[in-house]
Amino acid sequence: MISLGKILDDRPRLTIAGAPEGVDALAIAQMAAGVDVLHLARDEARVPALVAALRFFAPQLEVLVLPAWDCLPYDRVSPGAEVVARRMEVLSRLAYPKATKGGRVVIASVESALQRLPPRQAIAAETLRAKVGDELPIDHLTRYMGRVGYAKSGTATEAGEYAVRGGIVDILPRARRRAIASISSATAWRRSAASTLRPSVPPARRARSP
């Protein structure tokens, strides 16, 4: 069978119609070999199955899902905090070049694609990026957490909270199910180098675990 990537090399524009569910994911995976692909799903209900199929056909691909707002335009109810966090997580990752050379697929429903987005420069300016070994003053980190809407707590147990325990900063993002513990190996409080970044389970969830 001829690879779709080979066909695309010969024809820069190609229309694929009538592809059954599952085959569309295979076609997207072949198109995303080393490049970025934006796919518009017909609705939000189709997105999970498409993501699962992509991870089956091409587990090496980076798959990002941009969810739609969970409220109507001009509604008096604000969007859910988790949806806002998931959208911002995807936009912040798109604001910078990929860390690897592999392909990347961005999946959005038609509803999500029609909703306005902040400028890329604004997202990049408000994104804090850190890796193991970076010097990250703890007071700078805590100010940033407060500015982007996180609440300081003695123990981070709920989404959107962070806690400072000596040289350890526990962060429980709204868009993830597990906390991130940033452990500092330096003795200086105000100028610390992150020694590890690892997931951890909040105490409340550990207590509920079987």
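**Reading a sheet and a helix pair**

Guide: This model contains an open sheet of 3 strands in the order β1-β3-β2, with parallel pairing. The model is predicted, so local features need pLDDT of at least 70 and side-chain atom pairs count only at pLDDT 80 or more, while totals for chains, interfaces and linings use all residues. Residues are numbered from 1 along each chain as its sequence is written, and side-chain values use heavy atoms, leaving out hydrogens and water.

Visitor: Which strands are the edge strands?

Guide: Strands of a sheet pair through backbone hydrogen bonds, either parallel or antiparallel. Here the edge strands are β1 (36-41) and β2 (62-66), each of which pairs on one side only. Strands are DSSP runs of E with at least two residues, helices are runs of H or I with at least four, and both are numbered from the N terminus; two strands pair if DSSP finds at least two bridges between them.

Visitor: How many bridges join β1 to β3?

Guide: There are 6 bridges between β1 and β3 (residues 104-109), and these strands run parallel. A41 stands opposite S109 in β3.

Visitor: At what angle do helices α2 and α3 pack?

Guide: Two packed helices are described by the angle between their axes and the distance between the axes. Helix α2 (residues 23-31) and helix α3 (residues 47-57) pack at about 55°, with axes 9 Å apart. Axes are lines fitted to C-alpha atoms, for helices over the stretch in contact, and angles run from 0 to 180 degrees between N-to-C directions. Contact means heavy atoms within 4.5 Å.

Visitor: Which residues of α2 and α3 make the contact?

Guide: D24, A25, L26, I28 and A29 of α2 meet L50, A53, L54 and F57 of α3.
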